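Have the structure open while you read.

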Amino acid sequence: MRVTISELKQMKQKRERISMLTAYDYSTAKLLDESGVPLLLVGDSLGMVVLGYESTIPVTMDEMIHHTKAVVRGSKRAFVVGDMPFMTYHTSTTDALRNAARFIQEAGAQAVKLEGGVTVAQTVEKVVSCGIPVMGHIGLTPQSVNQLGGFKVQGRSLSAALGLVEDAKALEDAGAFAIVLETIPAPLARIITEQVSIPTIGIGAGPDCDGQVQVVHDMLGLFSDFVPKHAKQYAKLSDVIRSAAKEYVSEVAEGAFPTAKESSSMDQTLVDQLLAELDVQRAVRDFGVTG
Ligand code: KIV
């Protein structure tokens, strides 16, 4: 049985902190699921850390569906959330419903996430009313990076902070089951967490959220372009991969890989028969000799 939204709500009530990690492929999802991560987000950060785009904006629905399917196949217990890409829920309610439904019906996710507060509350309400759980996302919303003027801390002024509290309440009222708070001051995240009854999941939002989310490539030290301030590297897999790849290249060059252990043997009689057969074929070709 997978984790449910009521279990997540109970975790907030019992003050049990919730951990969420992003995942984009079968093998990673399997490892994270086996490690007991209750929430897996197929984030549109996929665009940057897996596909090499400069931002999350170019990510398409088809890319998200492809990767969400793999994460669902790799996980058994985790609740899988699919991230709705840029402009897939703004053009009309019909588009939002159709795209949200693809995550559930086609990819097998349990919920969708979308960015925005008051401005998307009606859409959230509509999607939830169709039976699709929605996770909100406010603060630094990367799909609006051009509007926000860069990857900056949000909610620093009184009016901006009040706006974010209002956004969180609008999402709660619209039926969202949780809200990601990204890159906002820790005291503001604590206030929002106290003001809403649904779990808040922070990234760069301090320790007082109900849960935390990290991009798995940041957490494992796999993404080497830059390390965001909010990220903690629990491993440095980029070093491990580089050194393993260098060792492989030199072993191939030296003929030290593969050894008998990585190869399959063949009965010597069969090898001799094969060579003899090839000799006959060559003789026929070269001299027209027939047996
Ligand atoms: O796309 C993503 O990975 C996200 C998280 C940073 C919350 O939205």
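1. Let's begin with charge pairs. This is a predicted model, and the salt-bridge count in it comes to 11. As a reminder, side chains of opposite charge can pair when their charged atoms come close.

2. One of those pairs deserves a look: Arg190 with Asp208, whose closest N and O atoms are 3.7 Å apart. That passes as a salt bridge because the cut-off is 4 Å between a side-chain nitrogen of Lys or Arg and a carboxyl oxygen of Asp or Glu. Where do the two partners of this pair sit in the chain? Arg190 belongs to helix H9 (residues 186–195), while Asp208 is in the loop between strand E7 (200–203) and strand E8 (211–214). They are 18 residues apart, so the pair links distant parts of the chain.

3. Now the ligand. Which pocket holds the ligand? You'll find the ligand in the largest one. Around the ligand are Thr22, Leu41, Gly43, Asp44, Ser45, Asp83, Lys113, His137, Val180, Ile203 and Val215. Sorted by class, that shell has 4 nonpolar, 4 polar and 3 charged residues.

4. How much of the ligand does the protein bury? On its own the ligand exposes 260 Å², and the protein buries 95% of that.

5. Two backbone details to finish. Most residues other than glycine have a negative phi, and most peptide bonds are trans. Arg15 is not a glycine, yet its phi is positive, at about 55 degrees. Look for Arg15 in the loop between helix H1 (5–13) and strand E1 (18–22).

6. The other detail is the peptide bond joining Phe257 and Pro258, which is cis, with omega about 0 degrees. Pro258 is in the loop between helix H11 (237–254) and helix H12 (268–287).

Note on methods. Residues numbered from 1 in each chain as written. Predicted model: local features only at pLDDT ≥ 70, side-chain atom pairs only at ≥ 80, totals over all residues. Heavy atoms only, no water. Near = heavy atom within 4 Å. Areas by Shrake-Rupley, 256 points an atom, 1.4 Å probe, with all protein chains shown as cover. 1 Å grid on protein atoms, 1.4 Å probe; cavity = no way out; pocket = protein on both sides within 12 Å on 5 of 7 lines; lining within 4 Å. Sits in = over half its atoms within 2 Å of the grid points. Nonpolar A, V, L, I, M, F, W, Y, C, P; charged D, E, K, R; others polar. Helix = DSSP H or I, 4+ residues; strand = E, 2+ residues; numbered from the N terminus.
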